[in-house]
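This report walks through one protein model. It starts with a single residue and then moves to a sheet and the whole chain.

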Amino acid sequence: MEPLSSYIYIYIYIYTMPGLYEQTNLINLPKMELHIFTTFCLKILLSLLILPFCSAQRNTTFQVGVVLDADSLVARIGMTSLSLALSDFYSFNSNFSTRLVLHTRDSKGRVTDAAASALNLLKQVQVDAIIGPQRSSQAEFVIGLGDTAKVPIISFSATSPSLRPQTPYFVQTALNDAAQVDAVAAIVKYFKWNQIVLVYEDSEFGNGITPYLSNAFQQINARISYRSIIPTSASNDFILQEMYKMKTMQTRVFVLHLSSTLASRIFLKAKEAEMMSEGYVWIVTSGLMDLFYSLNSSVVESMQGVLGVKPLVPRSSKLNSTTIRWKKKFADDNPETTPQTEINLYGLWAYDTLWALAMAAEKTGFKEPTSLPNTTSLNSTDMFVTGTSQTGPKLLAAMLETKFEGLAGNFNLVNGQLDQSSFQILNVNGTGLREVGTWTPLLQSLSQRNASMTGFSGENLDSIIWPGESRNVPKGWEVPVSGKKLRVGVPLESGFPEFVKVEKDPQTNSTKISGLYIDLFDSIMAALPYAVRYEFVPFEKSDGSSAGSYDDLSYQVSIGNYDVAVGDITITATRSQYVVFTLPIEEGGVTRTQKIQYDDNPNDKWFFLKPLKMELWLTILALFVFTGVSLWILEHKFNKAFRGRPSGYLGLIFYIPFMSLVFAHREKIVTNLARVVVVVWIFVVLVLTSTYTASLSARLTTFKLRQGDTDVNTLIRNGDYVGCREGTFLAEFLRRFGFHESKIRMYKHPEEFDDALSKGSENGGVTAIFSSSPYADLFISKYCSKYMKFGSPYLTAGFAFGFPKGSPLVGDVSSAITKLTDSHKISEIKAHWIRKSGCNKDDDPSKVGWTNIGLKSFKILFVVTGSVTGAAVVLFLASFLYQHRVRVREIYDSDNTVWLKMRAFGNLFDEKDPDFFPESAVEMGLLPGHSSRRVMLDNMQVVHNNKRVMVRAFSIN
């Protein structure tokens, strides 16, 4: 008000003092001009008196600090956007009662200068908010100052994910770097690359994104094979050396997260190292893509074929019109800087940041004074002590609630960070960027539930021009010509030398490794479409002993001590935690091997009865008796040999059939019916003796196996000892089966297996050996019919080669295995090593043996001989009864008892036939010359004293 009072005083003094008025020569002015002058002066006085008061009542000014690296391109772009946004906002919102005033400070690219600038703004200017700092490393310290002063620190360029959790007073109006890692991982997943090299700078900007990238690659089963950490002050020689180092590696997929300055040098050196050629893949993050059009032309030329991600900016008329004005203003503000063709993301985020802050200030309304510290109590060590802003918390709350459609898209802060957006997938082609796809977070959330989805719009990318102007998708890895040899770990002892054999020459100390799986690996690697240099290294300790089990070997592969594990290695769940296996090269299965035991002992005293079953023996015996009785019946009346005392009949009945076994009977057969019976019986005897002889011979030369117990529960229940090979997974396999650990014995060599099985559980050995099927086959082939497999094999995954997880060789090696299997090459190699020269096919114990011969085998034969013999006897008896029908009727009609009648029939049957016994004619009363006479035998029954007496009388008619 002092200047205004002075003006009023001067005007009144001049106007009221006549002398002075005259001295000013105003009196000489015309009357009209004097009136105009007087009116003009009054208007000036009124404006000076009234307008300041009105303005003071209408507008509230918010002091906003801006901390940027003045000489950097991002700072120039940001300042142009901030000043344009400030002008645009209040042009569109001229009725707002608040105004922002920007106070710019230069942080000069250093953390200390950024902190000093922020401290100056907080203490001297007492700002209500700070836009900046530019770098994540600078923000680390400035955030603490803002938190102490309760002043929001708002950055549109510090994108490190590690900054946000530190304090609520830090606001990231730029997309967090972690937002893009899933888009980068989606590219790797889409092309099915499983190994990448991560290249990042050693700064807060570079280190902050690393854990997020690692997690994203882990979710898609991609492995970071190497991390190249580039210092921000790295020399060109250091960068070139690092390029050559990465060139010697297998992996050809490189993911870069670097500042534009450092990335430019990296690509120039990569081209010098010939790493921008066909087969290489370079993926860069949005930090470089945002500044692509600001890069030097030589850098752009070296980046041909590079892929990158960049937040998607929706096109709009507002963006187009603003871009025109922004480009003009940037050229005016920075006449010495190369004109920009567009507003990059940092410029868009800066523009939106100021709009959001201005809207928040309007919501906040009036300012409250800053609470200043008590300066009397401060000393020189309290230089960082600032006042506490009363407006800052309100301004922060208002800004976090601010939402609008900005130039960069939807402006919405979630937990103090700009909400996630979609990303463009860009391909460097010529002097520009070509969009080949779009990735969205919404689709990515679906892809996490569906392993085949990537999150790209349409699940597809357009054709990409790769480094070297190639359109062929790189496979992501190569075997470097100048790279190191693959270290192929092989077990020191595999049990059978046919599988893997490690021999050392004590004189030259050289190692020779051979065997089935060594030859298989050589053949498979030779079948690859490219050359791979490798060397076999025994898995051993410094003293030459084995370094551990196959599980230990798999673990050593996983930590990088070996590049592949080769040998008789079974695929198991434990080993799969360490390595990834190829397709199986050998069938799996766990087989139980036991000693062969036989049913019969040739020293058994009853061994001769074993060829035939008991039922057959009884049937043969019955036929012997039946045949003997039948022959006696048929020959008794006609053959002197079949006559004699009744006590001799029984011997004769058994004698003739048994003697027919060796065809040694001397008795002459005189009747035709008996001859028929004998012929049939001789045939039966011939068949029976031949069968018995053959079966007995088989038993004396080969022995039938005793059926083994196919249920391992019996072994467990009986407490039998079982064995397995040392160092394999089988010990754990048997424990899971239920065998107690004390019942499991482990051996190394097949000779030990043989000794243990021969002894048995009772003598310090084992009852059964459990081994992989290939082991069992080879073991049995060595010992022929001494041992055999029992039961069905327990399924396992088979033998395979183990590579580190993410190894690019796995797919090609598996394809080579399939190719060699189809061409029978693998079978030929196996036949070379696994020979069965010591055993014939007939020596297969599972095929040795016989069966006891039963009655069923001779059923028809016995029915025939029985029928013929029976029919002969029936026919004879019928003829006999017919010839003697008169006497038979007399005997039958007599009053004698049944017993006497049977004796009479017996006597009648016992009579000699006169035609075969002429000398018996006298005895029977048939005299010479009286052939017509018949001797009559009268049987009379006399009853005397109640006793029956048989009287025999002869009468001659």
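This is a predicted model: local features need pLDDT of at least 70, side-chain atom pairs count only at pLDDT 80 or more; totals for chains, interfaces and linings use all residues.

Asp 568 lies in the loop that links strand E20 (564–565) to helix H19 (573–576). Asp 568 has a relative accessible area of 2%. That is under 20%, so the residue counts as buried.

The side chain of Asp 568 has a polar contact with the side chain of Tyr 550, at 2.7 Å. Leaving aside residues up to four places away in sequence, Asp 568 touches Pro 491, Ser 494, Phe 499, Tyr 517, Tyr 550, Arg 725, Tyr 775 and Phe 799.

## A seven-stranded open sheet

Seven strands form an open sheet in the order E7-E6-E8-E9-E10-E14-E15. The pairing is mixed. Strand E7 (223–230) and strand E15 (432–439) are at the edges. Each has a single partner strand, so one side of each has no neighbour in the sheet. On average, neighbouring strands of this sheet are turned by 25° against each other, direction ignored.

Helix H8 (residues 204–219) packs on the sheet. H8 touches strand E6 (195–201), E7 and E8. The direction of H8 makes about 165° with that of E6.

E6 is mostly covered, with seven of its seven residues buried. Gln 195, Val 197, Val 199 and Glu 201 point one way from the strand. Ile 196, Leu 198 and Tyr 200 point the other way.

E6 pairs with E7 in the parallel sense over seven bridges. Ile 196 has Ile 224 in E7 as its bridge partner. From E6 the chain crosses through H8 to E7, and this β-α-β crossover is right-handed.

E6 also pairs with E8 in the parallel sense, over four bridges. Here Val 197 stands opposite Phe 254 in E8.

## From E8 to E9

Strand E8 (residues 253–257) runs parallel to strand E9 (residues 281–284), and four bridges join them. Val 253 is opposite Val 281 in E9.

## The whole chain

The protein has 957 residues, and buried residues make up 47% of them. Its secondary structure comprises 32 helices and 29 strands.

Among contacts with a separation of 6 or more, 72% join residues 24 or more positions apart. The protein exposes about 48,300 Å². Carbon and sulfur atoms supply 55% of that area.

Notes
Residues are numbered from 1 along each chain as its sequence is written. Side-chain values use heavy atoms; hydrogens and water are left out. Helices (H or I, at least four residues) and strands (E, at least two) are DSSP runs, numbered from the N terminus. Buried means under 20% relative accessible area, exposed over 50%, partly exposed in between (1.4 Å probe, protein chains only). A polar contact is a pair of N or O atoms within 3.5 Å; within protein, one must be able to donate a hydrogen and the other to accept it, and residues adjacent in sequence count only if both atoms are side-chain atoms. Contact means heavy atoms within 4.5 Å. Two strands pair if DSSP finds at least two bridges between them. Axes are lines fitted to C-alpha atoms, for helices over the stretch in contact, and angles run from 0 to 180 degrees between N-to-C directions. Accessible areas come from the Shrake-Rupley method with a 1.4 Å probe; for residues, only the protein chains shown count as cover. A crossover is right-handed if, with the strands pointing away from the viewer, the path from the first strand over the helix to the second runs clockwise.
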